[in-house]
Amino acid sequence: MHSFQTKSYMFHYLEVPSGVRIVINTDLSTHDIQTQLWAVYDAFVKLVVSNPNWGVEDEIDMPDFTKEVDRILC
């Protein structure tokens, strides 16, 4: 996991060995979201990758995944 900040926001970045990248921008008061980044990745694997109707080139348009990411980050 990597992070850096500008004067306006904090940039959090997770890349796993398979090449999946998760990027989350937050305000400057948010510092360590490693747990949340891994939780988003776990939700991605569970709800997106394991969905037989989703292909690697497809857009992720899955309400269950969106709801789970909102739950993790809120």
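Trainee: Which residue's side chain meets the side chain of R71 in a salt bridge?
Mentor: A salt bridge is a side-chain nitrogen of Lys or Arg within 4 Å of a carboxyl oxygen of Asp or Glu. The pair that R71 forms has an N to O distance of 2.6 Å, and the partner that supplies the oxygen is E68.

Trainee: From which number are the residues counted along each chain?
Mentor: This is a predicted model, in which local features need pLDDT of at least 70 and side-chain atom pairs count only at pLDDT 80 or more, whereas totals for chains, interfaces and linings use all residues. Side-chain values use heavy atoms, with hydrogens and water left out, and the residues of each chain, as its sequence is written, are numbered from 1.

Trainee: In which helix do R71 and E68 lie, separated by about one helical turn?
Mentor: Helices are DSSP runs of H or I with at least four residues, strands are runs of E with at least two, and both are numbered from the N terminus. R71 and E68 are separated by about one helical turn because they are three residues apart in one helix, which covers residues 63-73 and is called α2.

Trainee: In which order do the elements of the protein chain run from the N terminus on?
Mentor: The protein chain has two helices and three strands. Starting at the N terminus, their order is β-β-β-α-α.

Trainee: Which residue meets R21 in a salt bridge?
Mentor: The structure holds two salt bridges, and the one that involves R21 has an N to O distance of 3.4 Å.

Trainee: With which side chain does the side chain of H12 make a polar contact?
Mentor: H12 lies in strand β2, residues 10-15, and counts as buried because its relative accessibility is 0%. A polar contact is a pair of N or O atoms within 3.5 Å; within protein, one must be able to donate a hydrogen and the other to accept it, and residues adjacent in sequence count only if both atoms are side-chain atoms. For H12 the distance is 3.0 Å, and the partner is the side chain of T26.

Trainee: Which residues does T30 touch, not counting those up to four places away in sequence?
Mentor: T30 is found in the loop between β3 (21-26) and α1 (34-49), and its side chain is joined to that of D27 by a polar contact of 3.2 Å. Contact means heavy atoms within 4.5 Å. Beyond the excluded neighbours, T30 touches M10 and H12.

Trainee: What separation is there between the C-alpha atoms of T30 and M10?
Mentor: T30 is partly exposed, with a relative accessible area of 24%. Along the chain, T30 and M10 are 20 residues apart, and their C-alpha atoms are separated by 7.3 Å.

Trainee: What share of the residues in the protein chain is buried?
Mentor: Along its principal axes the C-alpha trace spans about 40 × 25 × 20 Å. Of the 74 residues in the protein chain, the buried ones make up 27%.

Conventions. Buried means under 20% relative accessible area, exposed over 50%, partly exposed in between (1.4 Å probe, protein chains only).
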